[in-house]
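Subject: Structure handover

Hello,

Here is the structure we talked about, with the sequence. My notes follow below it.

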Amino acid sequence: MTRTGLLYLLAAAFFFSLMSVCVKLAGERLPTEEIIVSRAVVSLVLSYAVVRRVNARIWGNAKGLLVLRGILGSCGLFCFFHAVTLLPLAEVTTIHHLNPILTALIAAIALRERVSWGLAVAIAVSLTGVVLVARPSALFHDAQTLDGFAVLVALGGALFSAAAYVTVRKLRQSDHSAVIVFYFPLVATPVFLPLAWRVWIWPTPLEWLILLGVGITTQIAQVCLTEGLGRTPAGYATAVGYIQIAFAMLWSATIFGVFPDFLAIGGALLVFVGIAILVVTRPRTPT
């Protein structure tokens, strides 16, 4: 791993965590659909510019899969953004970071990739971590539990994101990465625009800045992630990405005054351990 690659990956985690902060601040008054539309419009403009710059086929080749990737990504984004408005930032970030485990599981089913013993152990360890974070009342009678519906929404976000990642892996055989990225806001914008219009609340000047911040921080994070992945083995990149949970805990405590307890911290560590097991034991494949 090069020092430059590490810095890019750390910057990506930092800006993704700032995106979550902006979403939580905006979600105190604005509906989730409105936040998604603001984010999608910014991404649509920037992604279109990238597609034109690399001179790729703007409508792509595997149009059905591209649309499916856009739908899955849109559903995942809605669940994640909505969960951010309902749950403490550190907890929802931890739950959402189950998606590498779920991606491996879905790929094993849909793409017939080999199921290793490491995947089974990683799933067991990571799900134990999520149980500690969520603390369902049936198991933790005396602990402060999270809202069950909000936890299911966060899990849904991780599941939809994992399915989108598997679709992207399939699409890499037929389409340019810029086109794959472009289809996400291309689908999300027309889907969520009428939904946002129904519940639209006119943002204040400060909220407009926060919404703009959602789009800008996301774009910076994606650029940093792309640069980092180009300089770093995927296994190391996955591990470095989990620093985002630490950033989320920091923002949760300093900005929102919510301090994660020992169960939440322990659960986050178990999720990280589960991903580490998956990275170490996964079968080696060509780049």
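A definition is needed before the helix packing: an axis here is a line fitted to C-alpha atoms, for helices over the stretch in contact, and angles run from 0 to 180 degrees between N-to-C directions. Please keep in mind that this is a predicted model.

Overall make-up

The chain has 12 helices and 0 strands. Read from the N terminus, the order of elements is α-α-α-α-α-α-α-α-α-α-α-α. The chain has 287 residues, and buried ones make up 48% of them. Of the contacts in the chain with a separation of 6 or more, 88% are between residues 24 or more positions apart.

Helices α2 and α3

Two packed helices are described by the angle between their axes and the distance between the axes. Helix α2 covers residues 32-54 and helix α3 covers residues 63-86. Their axes come within 10 Å and cross at roughly 125°. An angle of 65 to 115 degrees would count as roughly perpendicular and one over 145 as roughly antiparallel; α2 and α3 are therefore oblique to each other. The crossing of α2 and α3 is right-handed.

Which residues meet at this contact? On the α2 side they are Thr32, Glu33, Ile35, Ile36 and Arg39. On the α3 side they are Leu77, Phe78, Phe81, His82 and Thr85. By type, the residues of the contact of α2 with α3 divide into 5 nonpolar, 3 polar and 2 charged.

Cysteines

How many disulfides are there in the whole structure? A search finds 0. A disulfide is a covalent bond between the sulfur atoms of two cysteines, and the cut-off used for the sulfur pair is 2.5 Å. For Cys75, the closest cysteine sulfur is in Cys79, 6.8 Å away, which is too far for a bond. Cys75 has a relative accessible area of 29%, so this residue is partly exposed. Cys224, at 10% relative accessibility, counts as buried.

Thr93

Thr93 is found in helix α4, which covers residues 89-96. Is Thr93 buried or exposed? Its relative accessibility is 2%, so Thr93 counts as buried; the cut-off for buried is under 20%. Leaving aside neighbours within four places in sequence, Thr93 is in contact with Gln244, Ile245 and Ala248.

Regards

Definitions and conventions:
Residues numbered from 1 in each chain as written. Predicted model: local features only at pLDDT ≥ 70, side-chain atom pairs only at ≥ 80, totals over all residues. Heavy atoms only, no water. Helix = DSSP H or I, 4+ residues; strand = E, 2+ residues; numbered from the N terminus. Parallel < 35°, antiparallel > 145°, perpendicular 65-115°, else oblique. Left-handed = near helix turned anticlockwise from the far one by under 90°. Contact = heavy atoms within 4.5 Å. Nonpolar A, V, L, I, M, F, W, Y, C, P; charged D, E, K, R; others polar. Buried < 20%, exposed > 50% of the residue type's maximum accessible area, 1.4 Å probe, protein only.
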